[in-house]
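Have the viewer open and follow along.

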Amino acid sequence: MRLHKGSQAALLLLLVHTARTVVAAVNFSQCLTSIILDPNALLDGDLLNSTRHPVLYASDATAISYSLCKSKCGTGQEAFQWPEFSQEFSAWLLPNIALISQLPFGAQYRLDNLMSAVLTVGSPTLAGYSLFLTLLNSRWITYQFNSLNCHPNSHFALSILSSLQQVPLRLHPDHERLPSLILPENHWWKCLAEFVDYTHTWSIASATSIAWVIVAYILTVANSPLSGEDFQSNGQATGSLWLWLIPIVIGWLQLSPKCDFSRVQAAYDRADRHSMHTGTADVRVGMLPASSRRALAITAKEDDVMSPDELLTPPVFNYARSLRWASTAETIFMVFKQDSEASENASSHPSTIQYIDATQSIHGTNRRESLQHIAVPVYCAEPNGVQIVRSHWAPGVFTRMFIASCASLGLQWGTVGAALMVSWFTPTTKIGCRFMGYLLYGVISTLIWMMLLVSSILAHYSAADPRRVSLSTRVAIASSCVLRRTGKLLAIVNFFLVILACVFQYSNFYDRCFCNSSVFSRGGAAAYDVIIETTVNKGAWIGALVLACVSASAFLGILNLLLDTLPS
């Protein structure tokens, strides 16, 4: 392959720059020694101790000013040390990368699975939000159905609604399909609940991956304050930065989401065929495809949703489905509730019952007939019964979103805050390159969560006007699309940012005059580089360790406290 002359020149410049970087690698200890031994060295405030106080004798210097560092040591980085890099990489970063494989995936296409992993790492705030919101939604719908009197299908309906938050649930717009949800002879709920009853839970691989991360964190943290020579490249900060991953993985293993697209779709079709064979299908719609035959569909086409993320089954995308899911679940609950109330009233006041159209509950005696004997499905209720109105915004949905947001932000900034604390108190103290890298990761993660959360709200708002007649609907759809795409793009950037931040720290890329002198916070004139650390700030290290562990443990502990109310 022949290169253009311009390409050859660019490649040559790149090679020369790389060679210069290797040759110009800095050894700060030797640089300080040469400055001290220089007979012409002047004590004009450039030779300092670790707290930036000038020293009386050059031999007492453990730090130098930023200007002296640039002039005497150069602007390059410390030489790359493979043993140090491999040890830090295998102890801190590699176990967390391996743990990503234990997240629940199950999308129809592999690219969507990859995007779910990128989105989880790129925004732990969004990952924690989707996890906690899924749990709160399950608790809410469980409390709703537990308030009903015994209904033949209510238990199975609750199980389906709670389990299938990973698929876009849709109610058919035709109100005449609603009888299929509550007829006792309709075995569709029971069949679907049984066919979709599989678990994504603990395995030897998942338990081993989690144990590897925990043990590696404990062992390396225990040795961190003792490694004084390489205090700048030590990986406790990066280990704390990734600690959010443990409660996220454990939380999904405990919730066991039904997110395998192929299995869920097969279970739906199988339940539909089974109920047809048992004689409970509506003869008027028996020839329609499975996705249209029932009042409730668990899959949808891209044209049926305002956000394509609603179609993606990995549970990190539950943020996009939560509002529509809550609306659908509330409507189904109201159907069961009015049917139960109508049955009670029919038993106590049989003379006050009248037949009305299909937006009310089925009378108890009529429910004893199969659908083949009901020419037009009818409900029966009291004369002044309340019509079922589909709620576009389910009650309490924003409260649950707020609680999930607080929990996820606490997890994100508890772990990022621990990394920031280590970087702040590691000499040279205050804000350097390492601190900025961790801070940028946390800020972008939070920004991604905010953008995608607002995108989901705008998408659900526009779903109330599917024909997109009003200007507000069109603006909401456009804004939702822009926010969603920008958020995903930032997630990709943040994914590589956190990986590079760790690699840069382990490879001594940050060990240069600019980064070690905390120029961001001190400015060029007051910045200085601590080369020999004489004391270790163990209090800051312990505080960072406690902050990271408490935030991760608190998130996981609250999660387990709320698990007891989930449907069995």
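For this briefing, a disulfide is a pair of cysteine sulfur atoms within 2.5 Å. Keep in mind that you're looking at a predicted model. A search of the whole structure turns up three disulfides. If you number the bonded cysteines in sequence order, they pair up as 1-3, 2-5, 4-6.

**Cys433 and Cys515**

- Cys433 and Cys515 make a disulfide, with 2.1 Å between their sulfur atoms.
- The torsion about the S-S bond of Cys433 and Cys515 comes out at about -80°, so this disulfide is left-handed.
- This pair links distant parts of the chain, with Cys433 in helix α16 (residues 433-463) and Cys515 in helix α18, 82 residues apart.
- Buried or exposed, what is Cys433? Cys433 is buried, because its relative accessible area is 11% and the cut-off for buried is under 20%.

**Cys69 and Cys513**

- Next up is the disulfide between Cys69 and Cys513, whose sulfur atoms sit 1.9 Å apart.
- Its S-S torsion is about -75°, so the Cys69 and Cys513 disulfide is left-handed.
- Cys69 lies in helix α3 and Cys513 in helix α18 (residues 513-516), so the bridge ties together parts that are 444 residues apart in sequence.
- Cys69 is buried, at a relative accessible area of 0%.
- Cys513 is buried too, with a relative accessible area of 1%.

**Cys31 and Cys73**

- A disulfide also joins Cys31 to Cys73, and the S to S distance is 1.8 Å.
- What is the handedness of the disulfide of Cys31 and Cys73? The torsion about its S-S bond is about -90°, so it is left-handed.
- Cys31 belongs to helix α2 (residues 28-37) and Cys73 to helix α3 (residues 66-73), so this pair ties together parts that are 42 residues apart in sequence.
- Cys31 is buried, with a relative accessible area of 7%.
- Cys73, at 12% relative accessibility, also counts as buried.

- Cys259 counts as buried, given its 5% relative accessibility.
- Cys502 is buried, with a relative accessible area of 0%.

- Where does Gln165 sit? You'll find Gln165 in the loop between α7 (154-163) and β3 (170-171).
- Gln165 counts as buried, because its relative accessibility is 4%, and buried means under 20%.
- Which backbone oxygens does the side chain of Gln165 reach? One is the backbone oxygen of Thr134, at 3.1 Å.
- Another is the backbone oxygen of Ser162, which the Gln165 side chain reaches at 3.4 Å.
- Set aside the neighbours within four places in sequence, and Gln165 is in contact with Thr134, Asn137, Ser138, Asn318, Arg321 and Trp325.

How values were computed. Residues are numbered from 1 along each chain as its sequence is written. This is a predicted model: local features need pLDDT of at least 70, side-chain atom pairs count only at pLDDT 80 or more; totals for chains, interfaces and linings use all residues. Side-chain values use heavy atoms; hydrogens and water are left out. Helices (H or I, at least four residues) and strands (E, at least two) are DSSP runs, numbered from the N terminus. Buried means under 20% relative accessible area, exposed over 50%, partly exposed in between (1.4 Å probe, protein chains only). A polar contact is a pair of N or O atoms within 3.5 Å; within protein, one must be able to donate a hydrogen and the other to accept it, and residues adjacent in sequence count only if both atoms are side-chain atoms. Contact means heavy atoms within 4.5 Å.
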